[in-house]
Amino acid sequence: MSKPAQLTRLSRQPLYPRVASVNERLSYRLPRHVLPQHYTVLLEPDFAQAAFTGEVTVDLDVRRATSELVLNAADLQISEARLQVAGGASGPLGATVSYLPDEEQVTLSLDQEVAPGTAQLYMRFSGKLNDLLRGFYRSKFKGPDGKESWVAVTQFESTDARRAFPCWDEPDMKATFSISVVADEGLTVLSNARELSSEAVGNAKRRTRFADTVKMSTYLVAVAIGPFELTGPELVGDVPVRIAYVPGRGGLAGLAKRASAHALSFLCDYFQMPYPADKLDHVGIPDFAAGAMENLGLVTYRETALLVPDESAQVEKQRVVQVMSHETAHMWFGDLVTMRWWEGIWLNEAFATFMELLTTDHFEPRWEVWTNFGVERLAALATDSLRATRPIEYPVGRPEEADDMFDTITYDKGCSVLRMIERYLGEETFRRGLHSYLDRHQFANTSTTDLWDALEEASGEPVKATMGSWVNQAGHPVVSVGRAGPDEIVLSQRRFLLDAGKDAGDEEGSPLWVVPVALRYGTPAGEKRQQLLLDQAEAHVALEGEPDWVLLNAGAWGVYRSNYSDDLRERLFANLGALDNRERLSLAGDTWSATLAGIVPLQASLALWQHLRSDKDPDVWWSLQSGLGLLDLISPEHVRPQVHGLARSLGTPLFEKMGWEPEQAGETPRLARLRARLVALLGTLGHDPAVREEASRRLGAAGAGQTALPPDLATAVAQVVAAGGSEAEWELLYSRYKAANTPQDEIRYLQALAGFADEPLLGRSLQLAFSDEVRTQDAPFLVMGVLGRREGCGLAWEALESHWDEVLSRWPKTAMARVLEALPALASGGEDSVRRATSWLDAHPVPRGGLRVAQSRERMEVNLAFAKNAAPLLETAVTSALSALAEEARSAGGAR
């Protein structure tokens with residue numbers, strides 16, 4: 001794998017994998033002269049020995065004469081292999097097994113050459129039932145009686161089916177599968193298809209056999225074995241849907257039952273195509289590296305993404321509904337129709353994200369998930385503002401390079417681009433194009449251009465030409481607007497970069513996009529709208545009257561930043577009431593990003609925050625809290641109290657109006673989220689003593705059984721208690737973590753342990769994270785939380801250096817890259833801290849997720865540059881904002 005320093009150059013001159021010539025086979029790809037048609041797989045786990053054995057018979061299509069077979073296998077021992085040629089009178093051919101561990105392949109050298117035709121390959125094998133949350137692995141949990149039990153489960157995406165059985169483990173080598181499992185009596189066994197039979201085979205074991213699957217890729221094969229309990233099947237049409245969970249979790253499955261039935265019904269109707277399997281099970285796994293996995297007919301989940309109490313916070317319920325909707329959408333996008341190779345994974349994930357939002361919005365419109373997605377969109381654009389970003393689709397060579405595709409560019413920028421084109425083409429036209437695409441390519445594999453072709457046919461629009469710049473080009477534009485006359489504006493575009501100063505004056509070198517610009521503006525005659533495609537560096541636009549204000553991204557559906565001349569910015573700030581929640585969130589994010597890039601002065605962002613201080617949307621306040629958090633991170637120590645005062649001055653007036661409790665029953669979900677956002681802001685960044693005292697009182701009262709902690713406040717209260725806490729509060733939060741009865745409480749109190757300001761207490765949290773006491777799925781997030789704090793980043797970095805090799809071997813394969821997303825906090829320690837981390841990472845490149853680490857390193861440099869550039873004006877700007885807010889408060893008091 002290339003070092004991070006090399007990866008950083010990707011966006012300047014992409015160093016994509018070399019493409020093989022027509023007659024050349026890359027070593028990590030399998031030859032195509034022998035293709036699987038059907039697998040019959042038998043697996044038998046042994047929990048006590050942490051091992052498994054198996055057999056597989058593969059029906060093959062031999063397309064040209066050959067004397068060897070090449071397929072994938074990793075961490076397996078093949079003890080027997082033989083090939084029976086159809087019609088072969090001499091019996092099966094023996095095969096010598098040769099392992100190619102670097103390529104995770106085996107070569108079976110046959111006793112003699114076989115001619116084209118059909119054949120059947122039989123193999124017996126064994127492997128380790130690992131603890132690494134990949135391939136075929138085991139997971140331990142404690143039941144209601146305190147007794148420890150095990151489950152065994154598979155996780156194959158991207159290329160880990162080869163760790164469970166020898167196979168042709170590439171996404172376009174689709175086949176059908178017949179799965180059987182031998183397991184202990186009394187255990188539940190689940191797989192992709194419905195159960196056909198279960199029979200005793202002796203030694204207190206049973207063999208469970210499942211129906212054949214439809215044609216699908218190996219990474220979608222799945223089994224789950226353990227003392228699972230299941231809800232009774234609910235029929236959606238003729239498809240039985242069930243929720244599976246370990247003992248003690250049954251009371252948490254109510255929302256999942258409703259969400260699963262809704263998602264399947266909604267998506268069948270939206271796609272106008274039947275669900276492609278014969279049943280659908282959703283199963284919660286105690287240890288799971290990702291959020292969920294879309295195995296056809298058997299979707300596996302981290303428990304927090306499936307199982308939740310009926311009385312839970314909106315964000316916790318929303319996560320369950322969104323993840324279930326996302327995975328159910330994959331049954332069509334990804335499972336029924338699959339990418340040819342891993343560069344196409346963006347289409348699977350971006351469309352599943354898009355459909356998850358449509359489905360969830362239909363399930364509960366009051367959640368306003370499209371506004372909430374504006375936060376994810378801004379996060380994606382922040383990554384896309386780096387030189388180390390990548391195009392949405394870019395060539396993937398070796399399979400492990402696909403790990404870099406599972407990121408915010410794929411999920412969130414990809415979804416944003418799809419939503420933008422849907423808005424441009426129209427909902428029904430877009431939907432017709434999708435149906436045509438799915439119908440034409442079902443049970444097959446596609447590339448991105450196949451979708452553009454279907455959308456072009458449905459719309460008559462040049463979709464392929466329009467989308468090319470968005471999908472194949474790294475980055476995104478900033479569209480700037482200024483006046484060109486009383487009723488005329490001038491628009492311009494260039495690539496937006498957070499270190500834009502490096503390219504000062506290099507306007508001609510900036511790439512161009514085909515930008516669907518949606519204008520909205522106010523005139524004396526009323527509000528006006530215009531749409532246009534900006535495909536040049538600059539364009540003049542005549543308006544229908546002289547504008548009082550101009551909004552560059554109406555609806556906030558466009559995947560671009562907006563920048564305004566000084567006079568238009570001031571006019572827009574004065575007319576924020578004309579903007580909806582998404583638009584205000586987008587404006588706040590764009591303005592703050594422009595401040596980071598040195599395009600807009602800090603005073604402009606502070607002025608916007610003052611205008612937004614009475615805003616009642618929780619996601620708009622997310623933007624304010626994020627900006628204040630960065631100011632606190634990079635401010636000199638003597639300026640921090642003023643930043644804390646600014647947080648209090650902005651948040652206190654609205655919080656005093658809302659209070660700790662709703663004024664009446666039936667408060668909207670978003671107002672409940674807003675209250676939690678303000679409590680967290682004031683109690684952490686604001687250092688508000690009254691909020692901290694009340695949070696401690698409420699957490700203590702809830703623990704003593706005096707009163708229940710409102711679900712929407714629970715996480716904020718835990719964060720605030722940690723922020724102002726001492727050893728007693730650490731012990732309290734730790735005890736809540738250990739006594740947690742729900743997945744949500746377990747994560748809530750564990751992650752709160754990262755929020756202390758006292759270094760010895762943060763040291764205890766890190767010690768806990770590196771112990772066996774915390775699941776390896778959760779430990780990285782605790783370390784990440786400490787690394788992301790000004791008070792803890794240096795301590796966490798030292799701990800990571802000390803435990804580097806250990807955690808690379810114990811944690812999930814991409815966990816280190818995820819932890820290092822908190823690396824930018826090291827800028828708070830100045831140049832020395834940054835250089836120390838840079839030198840270490842140069843010498844210790846991560847084995848997986850190198851591009852993500854390169855992005856985190858660049859963010860660290862951006863933060864360091866911002867700290868240096870802002871330093872001369874920071875104290876003055878914050879003091880001025882505090883004075884303005886104080887003067888407004890005095891004036892308001894006098895007016896009353």
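**Note on aromatic and helical features**

1. The charged end of Arg419 sits over the ring of Trp370, 3.9 Å from the ring centre. Such a placement requires CZ of Arg or NZ of Lys within 6 Å of the ring centre and within 35 degrees of the ring normal. Arg423 likewise lies over the face of Trp557, at 5.7 Å from the ring centre.

2. The model is predicted: local features need pLDDT of at least 70, side-chain atom pairs count only at pLDDT 80 or more, and totals for chains, interfaces and linings use all residues. Residues are numbered from 1 along each chain as its sequence is written, and side-chain values use heavy atoms, with hydrogens and water left out.

3. The whole structure holds 29 aromatic pairs (rings of Phe, Tyr and Trp, the last by its six-membered ring, with centres within 6.5 Å; planes under 30 degrees apart are stacked, over 60 edge-to-face, the rest tilted). Phe351 and Phe354 form an edge-to-face pair, at 6.0 Å centre to centre and 80° between the planes. Both lie in helix α4 (residues 345-363), 3 residues apart (helices are DSSP runs of H or I, at least four residues, numbered from the N terminus).

4. Trp592 and Trp609 form a tilted pair, with 5.3 Å between centres and 40° between planes. This pair links helix α11 (residues 581-596), which holds Trp592, to helix α12 (residues 602-611), which holds Trp609. Both Trp592 and Trp609 are buried (under 20% relative accessible area, 1.4 Å probe, protein chains only).

5. In helix α5 (residues 369-384), 14 of the 16 residues are buried, so α5 is largely enclosed by the rest of the structure.

Note on methods
Buried means under 20% relative accessible area, exposed over 50%, partly exposed in between (1.4 Å probe, protein chains only). Helices (H or I, at least four residues) and strands (E, at least two) are DSSP runs, numbered from the N terminus.
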